[in-house]
Amino acid sequence: MHFIPIAIRGPLFMILSTGSYVANDTMLKLATVGLPPYEVLFLRGIAATLWGIPLLLALGYAKQIPLILERRVLQRNLLELAAILCYVVALANMQIADSTALGQITPLLMLIGSSVLFGERIGGLRMALIGLGFIGAVMVAQPTMQGISVYALLALGNAAFAAARDLAGRRVAADVPGMIVAISAVVVVLVGSGVAHLMSERWVMPETHHLLLMAGAGLFLIFGHFFIFMAYRVGPTGVVAPFYYCFTVWAVVSGLVVFQQLPNALAISGILLVVASGLTIVSLDERRRRLTVVA
(Lines give C-alpha, C1' and ligand atoms only; values in the text may rest on other atoms or scores of the structure.)
Protein backbone atom coordinates (compact mmCIF):
# COMPACT_ATOMS: atom_id res chain seq x y z
CA MET A 1 0.00 0.00 0.00
CA HIS A 2 2.86 2.37 0.77
CA PHE A 3 3.90 2.61 -2.89
CA ILE A 4 0.51 4.19 -3.75
CA PRO A 5 0.55 8.02 -3.43
CA ILE A 6 -1.38 9.17 -0.37
CA ALA A 7 -3.68 11.48 -2.34
CA ILE A 8 -5.12 8.69 -4.49
CA ARG A 9 -5.30 5.78 -2.03
CA GLY A 10 -8.84 6.42 -0.83
CA PRO A 11 -10.29 7.18 -4.30
CA LEU A 12 -8.45 4.20 -5.83
CA PHE A 13 -9.80 1.83 -3.17
CA MET A 14 -13.33 3.18 -3.73
CA ILE A 15 -13.02 2.63 -7.50
CA LEU A 16 -11.84 -0.95 -6.88
CA SER A 17 -14.64 -1.47 -4.36
CA THR A 18 -17.41 -0.30 -6.69
CA GLY A 19 -15.97 -2.41 -9.52
CA SER A 20 -15.89 -5.47 -7.28
CA TYR A 21 -19.46 -4.87 -6.10
CA VAL A 22 -20.72 -4.50 -9.68
CA ALA A 23 -18.98 -7.74 -10.71
CA ASN A 24 -20.65 -9.39 -7.71
CA ASP A 25 -24.04 -7.86 -8.55
CA THR A 26 -23.78 -8.95 -12.17
CA MET A 27 -23.23 -12.57 -11.16
CA LEU A 28 -25.94 -12.22 -8.51
CA LYS A 29 -28.43 -10.96 -11.10
CA LEU A 30 -27.60 -13.84 -13.45
CA ALA A 31 -28.03 -16.34 -10.60
CA THR A 32 -31.46 -15.00 -9.55
CA VAL A 33 -32.85 -16.40 -12.81
CA GLY A 34 -34.33 -19.58 -11.38
CA LEU A 35 -33.47 -19.02 -7.69
CA PRO A 36 -35.19 -16.89 -5.00
CA PRO A 37 -33.20 -13.78 -3.95
CA TYR A 38 -32.48 -14.64 -0.31
CA GLU A 39 -31.38 -18.14 -1.27
CA VAL A 40 -28.94 -16.55 -3.74
CA LEU A 41 -27.59 -14.31 -0.96
CA PHE A 42 -27.21 -17.34 1.30
CA LEU A 43 -25.34 -19.39 -1.34
CA ARG A 44 -23.13 -16.42 -2.12
CA GLY A 45 -22.33 -16.11 1.58
CA ILE A 46 -21.27 -19.76 1.75
CA ALA A 47 -19.01 -19.28 -1.29
CA ALA A 48 -17.51 -16.08 0.13
CA THR A 49 -16.83 -17.78 3.46
CA LEU A 50 -15.10 -20.69 1.71
CA TRP A 51 -12.91 -18.17 -0.11
CA GLY A 52 -12.40 -15.93 2.91
CA ILE A 53 -11.22 -18.25 5.68
CA PRO A 54 -8.26 -19.68 3.68
CA LEU A 55 -7.45 -16.11 2.61
CA LEU A 56 -7.30 -14.97 6.24
CA LEU A 57 -5.00 -17.88 7.10
CA ALA A 58 -2.76 -17.16 4.10
CA LEU A 59 -2.45 -13.52 5.21
CA GLY A 60 -1.40 -14.62 8.71
CA TYR A 61 -4.53 -13.42 10.49
CA ALA A 62 -5.36 -16.72 12.21
CA LYS A 63 -4.96 -15.26 15.72
CA GLN A 64 -7.12 -12.26 14.81
CA ILE A 65 -10.12 -14.23 13.52
CA PRO A 66 -12.00 -13.70 16.86
CA LEU A 67 -12.07 -9.98 15.95
CA ILE A 68 -14.82 -10.93 13.48
CA LEU A 69 -17.10 -10.76 16.54
CA GLU A 70 -15.62 -7.53 17.95
CA ARG A 71 -18.41 -5.12 18.97
CA ARG A 72 -17.71 -2.25 16.56
CA VAL A 73 -17.03 -4.65 13.69
CA LEU A 74 -20.38 -6.35 14.31
CA GLN A 75 -22.16 -2.99 14.54
CA ARG A 76 -20.82 -2.04 11.12
CA ASN A 77 -21.75 -5.35 9.56
CA LEU A 78 -25.25 -5.56 11.03
CA LEU A 79 -25.87 -2.30 9.17
CA GLU A 80 -24.45 -3.99 6.05
CA LEU A 81 -26.97 -6.80 6.57
CA ALA A 82 -29.86 -4.33 6.84
CA ALA A 83 -28.69 -2.58 3.66
CA ILE A 84 -28.41 -5.74 1.57
CA LEU A 85 -31.75 -7.14 2.74
CA CYS A 86 -33.42 -3.90 1.66
CA TYR A 87 -31.49 -3.79 -1.62
CA VAL A 88 -32.21 -7.30 -2.83
CA VAL A 89 -35.98 -6.92 -2.31
CA ALA A 90 -36.01 -3.51 -4.02
CA LEU A 91 -33.92 -4.82 -6.92
CA ALA A 92 -36.27 -7.76 -7.43
CA ASN A 93 -39.30 -5.47 -7.70
CA MET A 94 -38.00 -2.28 -9.35
CA GLN A 95 -36.24 -1.35 -12.55
CA ILE A 96 -32.52 -1.51 -11.89
CA ALA A 97 -32.08 2.11 -13.03
CA ASP A 98 -34.49 3.30 -10.32
CA SER A 99 -32.88 1.33 -7.48
CA THR A 100 -29.40 2.39 -8.64
CA ALA A 101 -30.35 6.08 -8.78
CA LEU A 102 -31.85 6.02 -5.29
CA GLY A 103 -28.66 4.37 -4.02
CA GLN A 104 -26.63 7.35 -5.19
CA ILE A 105 -27.67 9.43 -2.17
CA THR A 106 -25.28 7.34 -0.04
CA PRO A 107 -22.25 9.66 -0.52
CA LEU A 108 -24.34 12.72 0.36
CA LEU A 109 -25.55 11.04 3.55
CA MET A 110 -21.96 10.05 4.33
CA LEU A 111 -20.80 13.66 4.03
CA ILE A 112 -23.58 14.94 6.28
CA GLY A 113 -22.82 12.23 8.84
CA SER A 114 -19.08 12.87 8.76
CA SER A 115 -19.64 16.57 9.27
CA VAL A 116 -21.97 16.01 12.23
CA LEU A 117 -20.20 13.07 13.90
CA PHE A 118 -16.54 13.72 13.11
CA GLY A 119 -16.46 17.47 12.48
CA GLU A 120 -15.08 17.11 8.94
CA ARG A 121 -15.20 20.34 6.93
CA ILE A 122 -16.41 19.73 3.39
CA GLY A 123 -16.49 23.22 1.86
CA GLY A 124 -18.87 24.77 -0.66
CA LEU A 125 -16.80 23.99 -3.78
CA ARG A 126 -16.40 20.34 -2.87
CA MET A 127 -20.12 20.03 -2.09
CA ALA A 128 -20.90 21.53 -5.50
CA LEU A 129 -18.60 19.02 -7.20
CA ILE A 130 -20.21 16.17 -5.27
CA GLY A 131 -23.60 17.44 -6.41
CA LEU A 132 -22.38 17.36 -10.01
CA GLY A 133 -21.25 13.78 -9.46
CA PHE A 134 -24.73 12.91 -8.21
CA ILE A 135 -26.32 14.51 -11.28
CA GLY A 136 -23.93 12.52 -13.49
CA ALA A 137 -24.85 9.28 -11.71
CA VAL A 138 -28.57 9.94 -12.26
CA MET A 139 -27.86 10.71 -15.94
CA VAL A 140 -26.23 7.28 -16.21
CA ALA A 141 -28.99 5.44 -14.31
CA GLN A 142 -31.82 7.33 -16.08
CA PRO A 143 -34.56 6.30 -13.62
CA THR A 144 -38.24 6.33 -14.53
CA MET A 145 -39.44 6.84 -10.95
CA GLN A 146 -43.07 6.02 -11.71
CA GLY A 147 -44.43 6.85 -8.28
CA ILE A 148 -43.10 6.15 -4.80
CA SER A 149 -43.70 2.57 -3.67
CA VAL A 150 -42.65 0.51 -0.67
CA TYR A 151 -39.82 -0.82 -2.86
CA ALA A 152 -38.56 2.70 -3.53
CA LEU A 153 -38.57 3.26 0.23
CA LEU A 154 -36.54 0.04 0.61
CA ALA A 155 -34.04 1.35 -1.97
CA LEU A 156 -33.76 4.56 0.07
CA GLY A 157 -33.37 2.41 3.18
CA ASN A 158 -30.47 0.63 1.48
CA ALA A 159 -28.75 3.96 0.84
CA ALA A 160 -29.29 5.12 4.43
CA PHE A 161 -28.05 1.86 5.95
CA ALA A 162 -25.02 1.85 3.61
CA ALA A 163 -24.06 5.35 4.74
CA ALA A 164 -24.55 4.36 8.40
CA ARG A 165 -22.39 1.26 7.75
CA ASP A 166 -19.51 3.33 6.42
CA LEU A 167 -19.79 5.84 9.25
CA ALA A 168 -19.73 2.96 11.75
CA GLY A 169 -16.68 1.59 9.94
CA ARG A 170 -14.84 4.80 10.80
CA ARG A 171 -15.11 3.80 14.47
CA VAL A 172 -13.49 0.38 14.03
CA ALA A 173 -10.09 0.32 15.76
CA ALA A 174 -7.07 0.90 13.51
CA ASP A 175 -5.47 -2.39 14.57
CA VAL A 176 -8.37 -4.44 13.15
CA PRO A 177 -7.30 -5.62 9.65
CA GLY A 178 -9.58 -4.64 6.78
CA MET A 179 -9.84 -8.25 5.63
CA ILE A 180 -11.16 -9.27 9.06
CA VAL A 181 -13.93 -6.66 8.70
CA ALA A 182 -14.71 -7.93 5.18
CA ILE A 183 -15.02 -11.58 6.26
CA SER A 184 -17.11 -10.55 9.26
CA ALA A 185 -19.53 -8.82 6.85
CA VAL A 186 -19.70 -12.00 4.78
CA VAL A 187 -20.53 -14.13 7.84
CA VAL A 188 -23.15 -11.71 9.20
CA VAL A 189 -24.93 -11.48 5.84
CA LEU A 190 -24.70 -15.27 5.43
CA VAL A 191 -26.52 -15.84 8.73
CA GLY A 192 -29.05 -13.06 8.16
CA SER A 193 -29.93 -14.09 4.61
CA GLY A 194 -30.24 -17.72 5.75
CA VAL A 195 -32.80 -16.70 8.37
CA ALA A 196 -34.65 -14.51 5.83
CA HIS A 197 -34.73 -17.41 3.36
CA LEU A 198 -36.16 -19.85 5.91
CA MET A 199 -38.83 -17.34 6.92
CA SER A 200 -40.00 -16.25 3.48
CA GLU A 201 -38.86 -18.60 0.70
CA ARG A 202 -38.91 -22.23 -0.40
CA TRP A 203 -35.60 -23.93 -1.19
CA VAL A 204 -34.89 -24.44 -4.92
CA MET A 205 -32.10 -26.84 -5.89
CA PRO A 206 -29.36 -24.81 -7.61
CA GLU A 207 -27.84 -26.01 -10.87
CA THR A 208 -24.13 -26.13 -11.68
CA HIS A 209 -24.08 -22.72 -13.37
CA HIS A 210 -25.73 -21.19 -10.29
CA LEU A 211 -22.96 -22.55 -8.07
CA LEU A 212 -20.24 -21.28 -10.42
CA LEU A 213 -21.81 -17.83 -10.47
CA MET A 214 -22.02 -17.83 -6.66
CA ALA A 215 -18.35 -18.84 -6.40
CA GLY A 216 -17.36 -15.84 -8.51
CA ALA A 217 -19.77 -13.48 -6.75
CA GLY A 218 -18.46 -14.57 -3.34
CA LEU A 219 -14.87 -13.76 -4.29
CA PHE A 220 -15.71 -10.30 -5.66
CA LEU A 221 -17.91 -9.62 -2.63
CA ILE A 222 -14.94 -10.04 -0.27
CA PHE A 223 -12.90 -7.48 -2.18
CA GLY A 224 -15.86 -5.12 -2.40
CA HIS A 225 -16.21 -5.16 1.40
CA PHE A 226 -12.45 -4.89 1.90
CA PHE A 227 -11.82 -1.97 -0.43
CA ILE A 228 -14.81 0.14 0.67
CA PHE A 229 -13.76 -0.23 4.30
CA MET A 230 -10.14 0.63 3.49
CA ALA A 231 -11.18 3.59 1.31
CA TYR A 232 -12.77 5.39 4.26
CA ARG A 233 -9.99 4.28 6.61
CA VAL A 234 -7.16 5.83 4.56
CA GLY A 235 -8.88 8.80 2.91
CA PRO A 236 -10.95 11.83 3.99
CA THR A 237 -14.67 11.34 3.50
CA GLY A 238 -15.01 14.44 1.31
CA VAL A 239 -12.44 13.06 -1.11
CA VAL A 240 -13.47 9.39 -1.07
CA ALA A 241 -17.28 9.57 -1.05
CA PRO A 242 -17.74 11.07 -4.56
CA PHE A 243 -16.01 8.06 -6.11
CA TYR A 244 -18.96 5.94 -4.95
CA TYR A 245 -20.58 7.28 -8.11
CA CYS A 246 -18.19 5.07 -10.09
CA PHE A 247 -20.72 2.35 -9.26
CA THR A 248 -22.85 3.64 -12.14
CA VAL A 249 -19.86 3.74 -14.49
CA TRP A 250 -18.98 0.12 -13.71
CA ALA A 251 -22.67 -0.77 -14.15
CA VAL A 252 -22.53 0.61 -17.69
CA VAL A 253 -19.40 -1.46 -18.36
CA SER A 254 -21.19 -4.55 -17.04
CA GLY A 255 -24.23 -3.84 -19.19
CA LEU A 256 -22.03 -3.47 -22.25
CA VAL A 257 -19.80 -6.51 -21.69
CA VAL A 258 -22.28 -8.98 -20.17
CA PHE A 259 -25.68 -7.91 -21.45
CA GLN A 260 -24.64 -6.12 -24.70
CA GLN A 261 -26.46 -2.96 -23.64
CA LEU A 262 -24.94 0.11 -25.30
CA PRO A 263 -24.99 3.36 -23.26
CA ASN A 264 -26.76 6.28 -24.91
CA ALA A 265 -25.45 9.84 -25.26
CA LEU A 266 -26.97 10.94 -21.94
CA ALA A 267 -25.28 8.07 -20.07
CA ILE A 268 -21.92 8.83 -21.70
CA SER A 269 -22.28 12.50 -20.70
CA GLY A 270 -23.10 11.40 -17.14
CA ILE A 271 -19.99 9.19 -17.00
CA LEU A 272 -17.81 12.11 -18.13
CA LEU A 273 -19.41 14.32 -15.46
CA VAL A 274 -18.77 11.73 -12.74
CA VAL A 275 -15.15 11.30 -13.80
CA ALA A 276 -14.53 15.04 -14.11
CA SER A 277 -16.00 15.86 -10.69
CA GLY A 278 -14.00 13.08 -9.04
CA LEU A 279 -10.69 14.08 -10.64
CA THR A 280 -11.28 17.73 -9.71
CA ILE A 281 -11.86 16.79 -6.07
CA VAL A 282 -8.64 14.74 -5.98
CA SER A 283 -6.77 17.64 -7.60
CA LEU A 284 -8.12 20.08 -5.01
CA ASP A 285 -7.15 17.74 -2.17
CA GLU A 286 -3.63 17.30 -3.54
CA ARG A 287 -3.25 21.07 -3.90
CA ARG A 288 -4.43 21.60 -0.32
CA ARG A 289 -2.00 18.92 0.88
CA ARG A 290 0.93 20.60 -0.90
CA LEU A 291 0.03 24.02 0.50
CA THR A 292 -0.11 22.50 4.00
CA VAL A 293 3.36 20.98 3.56
CA VAL A 294 4.81 24.28 2.26
CA ALA A 295 3.23 26.21 5.15
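My entries go from the cavities to one helix and then to the cores.

**Ground rules.** I worked with a predicted model, where local features need pLDDT of at least 70, side-chain atom pairs count only at pLDDT 80 or more, and totals for chains, interfaces and linings use all residues. Residues are numbered from 1 along each chain as its sequence is written, and side-chain values use heavy atoms, with hydrogens and water left out.

**Cavities.** I looked for cavities (on a 1 Å grid over the protein atoms alone, sets of points where a 1.4 Å probe fits but cannot get out). I found three of 30 Å³ or more, a volume being the space filled by probe spheres set on the points, joined across faces, edges and corners. The largest cavity holds about 330 Å³. Its lining (residues with an atom within 4 Å of a point) has 19 residues, and D25, Y87, N158, Y244 and F247 are the closest to its centre. Which helix gives the most to this lining? I found helix 3, with four residues; helices here are DSSP runs (H or I, at least four residues), numbered from the N terminus.

**Helix 11.** I read this helix as residues 246–257. Its buried residues (under 20% relative accessible area, 1.4 Å probe, protein chains only) include F247, V249 and V252.

**Cores.** I then checked nonpolar cores (buried Ala, Val, Leu, Ile, Met, Phe, Trp, Tyr and Cys joined through side-chain atoms within 4.5 Å). The largest has 47 residues, and M14, M179 and Y232 touch the most other members. Helix 9 brings the largest share, nine residues. Another core, of 17 residues, lies apart from it and includes L28 and Y87.

Note on methods
1 Å grid on protein atoms, 1.4 Å probe; cavity = no way out; pocket = protein on both sides within 12 Å on 5 of 7 lines; lining within 4 Å. Helix = DSSP H or I, 4+ residues; strand = E, 2+ residues; numbered from the N terminus. Expected span 1.5 Å × (residues − 1). Buried < 20%, exposed > 50% of the residue type's maximum accessible area, 1.4 Å probe, protein only.
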